[in-house]
Structure formats: structure tokens, C-alpha cells
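I opened the notebook to record what I looked up in one structure.

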Amino acid sequence: MTPAFLLHQTICGAIAAAGFGVLFNIGFRSLPWCAASGAIALAVRTGCLDGLHWNLEAASFAAALTVGAAVQVLRARTNISQNALDVVGCIPMVPGSFAAKAILGMFALTSASTTDASGTLITAVQYALRVTFTIGAIGTGLAIPTLLLRVRVSR
Amino acid sequence: MDPIESLIPDDSGAAPALEPLAMVALDAGRMLMEAGASANGVDEIVAKFARGLGAERVDLRIGYASLAVTIGIGANGITRMREVGHLGVNQRLDQELWHLAARVSRRELTVEQTRAELTRLAQKTPRHSAWMMAVAVGLACAAFGRLLKVDWPGTGPVFFAACAGQLIRRELLTRHVNVFICATLVSFLSSLLGGLCAHWAQSGTITTAMIASILLLVPGVPSVNAQNDILEGHPTLGSARAVTVAVILIFVAAGLWLGQVLLSQLGIQT
């Protein structure tokens, strides 16, 4: 992993998070926080994937845990809902392309011209499992700091 | 949780205005839920509004399409239900609702003033312009594309296709087209546009460019909310959200598949 590649991934993560921040109607003054959140997520994930050679699920979990903890620590300063900030930061890690490939693989199985049905099925299931585990890892990583640190209102 | 004895108080004969109080608290919860909050946030804000307006007991049930609350003051109690509309994401409204909740919980507002404030927030909370959103989404999808290893010639087409997709999606949603049909239409048009432009730009990653062009449709907030809701003790709502996410992904993939079929009919290998 070269520093240039890490920088590229970090910048792309920041742009993606800020772009989705606009889509979610986050105010201009809070967009730098969104970009920072996405940058942290992608930097940690890239470091774990290419530096420590972890798998995607473990790297996504570590990145989500870091973002969740950072958002909890900075909660008072950001003037933005904690839920929005950590979700926006982790959106660049949501494996949308794997999900699309998994469902397209399922579609391909029903085609009359399928030549290697078992290979197609295994690939599709592998993608589906990676989607499930990665989203699970992101959700769990975000939830742990929230559940540990949040002050609940008394009802 | 209140002890059961406190839920069966003596009837004092007084009749506080529970109906408007319950409806205002429910409206606050409904607006927050429609703005993309998780169940815990809705639970907290309804409790803040209700207690700030004078309720002594608050119990809320959160469903995917409705909220029901039981409010009690002294010997009197009332249960009301409110329908919840389309679950979108609007963080500025979310933020404004929490500011209002803080004021209400400090008992600065009456029920009528709170209702007027909620109406004002629903009508006046600003949104980014359609073009601003389209450019932002285009940039986000182009960045996604680079993360998915789309080459540089394919990045411009991803930006252009995602911009167009966002403009079309906004237009369809303002015309109240079904969310799932909208996802398929936008997915088809964006992937087709992304694939065609990437082919003309001589990109070597046409398939990935097509996928990156539709990533604006991936329901990231609902998928994270689904898991949060289950972890925080709302498995029914979390499951409903998860099913919705799965169905949206199927409709998005169907649009992408149609785009790929059309491109192959045009002789473009994806």
C-alpha cells in the first residue's frame, strides 16, 4: 500500500460522504464533518485491508468502530445528529456493487443459456454473503460506541 | 418502565387536554421518523415533547407505517395513533426537531405554540436545490467509482449518469411515483447512460462504471437503521426496514440488468 493510494482512497471517501451529506440535506457548515467522517472510514478500512491484510468484513468493522467512536467524542462540537454523521461516514463502505452482482448472478441462473450454473450460483452466494456480513459489520461497528456511550433519557 | 400500581390511579375527575398533547407529540415523532431517524430517536423525542407539555406517563409503540402513544396525566389517559408517511432522509429537519424538543422539554412552549412550530418546520426547513443535489450525487458516485476501481475515462461518465439519475429520481418522486418503480427506472436509465458514455470514452471498466452510476439508489440509511433498531430492542421495525432494503435492492438490480441487456443488444460488451 503506497501513501498515494491511501490518499486517493481517503479523498474519494471524503467526497462520497460529503456528496451523500448534501443528498441527506445536511447544512453546508456541517459538510466538512461529513467529509472527515468518510475520510476516516476509508483511511482505516484501506489501512486494514492493504496494510494489515485483513478481509473486507473485518476492515469494515474496524473502520465503522473508529467512525462511531470519533463521532461520539466529537458529538458536542459538530451540531449535527450523531446518527447522520456516522451513517454518512460509513456509506462509502456499503457494498452496493457486491449486492448488485449477487442479484445479477441470481438473474443469470434463470437464463436459458447458463453454461456453468453451479459456478454462477456459488459466485452469487459468495457476493450475497459478503454483502450481509459487511453490512452487519458496519452496523455492529457503529452500534457498539453508541450503545456504550449514549446517555439515555429517563422515561 | 412505570410500576403497574402507578398506571391505575384514582380518578380525580379532572380532564386535562390530553388529545392535542398526544397528537403534537405523535406529530413530532412522525416528522422525525420521516426524516430518517432510528426508533430510539423517535422514542426519545416523543417522550421529550409529551413530558415537556405536561404528560406524566408516556408509552410509545413504533411501527413501520404508524406510531401509537399512550399519554397519562393523573387519573386520565389517552391512546392515539398516527400514520407515518414515506421514510426519507432530511437531516436539517432532524436537527431542527431536536432543537425544538429541547425548548419544549424546558417548558418554554404551550401545546398550541409547539404545534405552530412543527407546522413551520414542516413548511420552512430549507432543502438544497435540485441541481446542487444532482452535482453532489454525481461527485459522490464518481468517487464511489474510483473506490471500485473504475478507470479515469469511466469516471466522467459515472458523474454524468449519476447527476441525470438524481434529477430523474427527484422528478419522479415529486410526481408520487412508487418508490420501487422509481428505483428500477432510475437504475435502468443511469446504468444505460453510464455504460454508453463509458463505452464512448473508451473505458476498460464499463460494467463497474454502470454499477457505480446507480449507487445513489443504495439505501444506506435504512440498512443501518434496520440493524440499529434490532440491536436497540425494536426487532419488528428493524425487520420491516430490512425487508424494504432487500426489495429496493432487487428492483435496483432489475434496472441494472435491463440496462446491461439493452447494451448487449446494441453490441456493447459489458
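**Entry 1: the model.** I noted before anything else that this is a predicted model.

**Entry 2: the sheet.** I looked up how the strands of one sheet in chain B are arranged. Three strands make up an open sheet, ordered E1-E2-E3 (chain B), and they pair in an antiparallel way. I then asked which strands lie at the edges. They are strand E1 (57–62) and strand E3 (76–83) of chain B, and each of them pairs on one side only. I also wrote down the twist, which averages 15° from one strand to the next.

**Entry 3: one strand pair.** I asked how many bridges join E1(B) to strand E2 (residues 66–73) of chain B. I found six bridges, and the two strands run antiparallel.

**Entry 4: the domains.** I read the domain assignment of chain B, which gives domain 1 (4–124) and domain 2 (130–265). The C-alpha centres of these two domains of chain B lie 35 Å apart. Where they meet, ten residues of domain 1 of chain B are in contact with eleven residues of domain 2 of chain B. I sorted the residues on the domain 1 side of that contact: five are nonpolar, five are polar and none is charged.

Technical notes. Residues are numbered from 1 along each chain as its sequence is written. Chains are lettered from A and ligands numbered from 1 in the order in which they are written. This is a predicted model: local features need pLDDT of at least 70, side-chain atom pairs count only at pLDDT 80 or more; totals for chains, interfaces and linings use all residues. Two strands pair if DSSP finds at least two bridges between them. Helices (H or I, at least four residues) and strands (E, at least two) are DSSP runs, numbered from the N terminus. Axes are lines fitted to C-alpha atoms, for helices over the stretch in contact, and angles run from 0 to 180 degrees between N-to-C directions. Domain bounds come from an automatic or database domain assignment. Two residues are in contact if their C-beta atoms, placed from the backbone, lie within 7 Å. Ala, Val, Leu, Ile, Met, Phe, Trp, Tyr, Cys and Pro count as nonpolar, Asp, Glu, Lys and Arg as charged, and the others, Gly among them, as polar.
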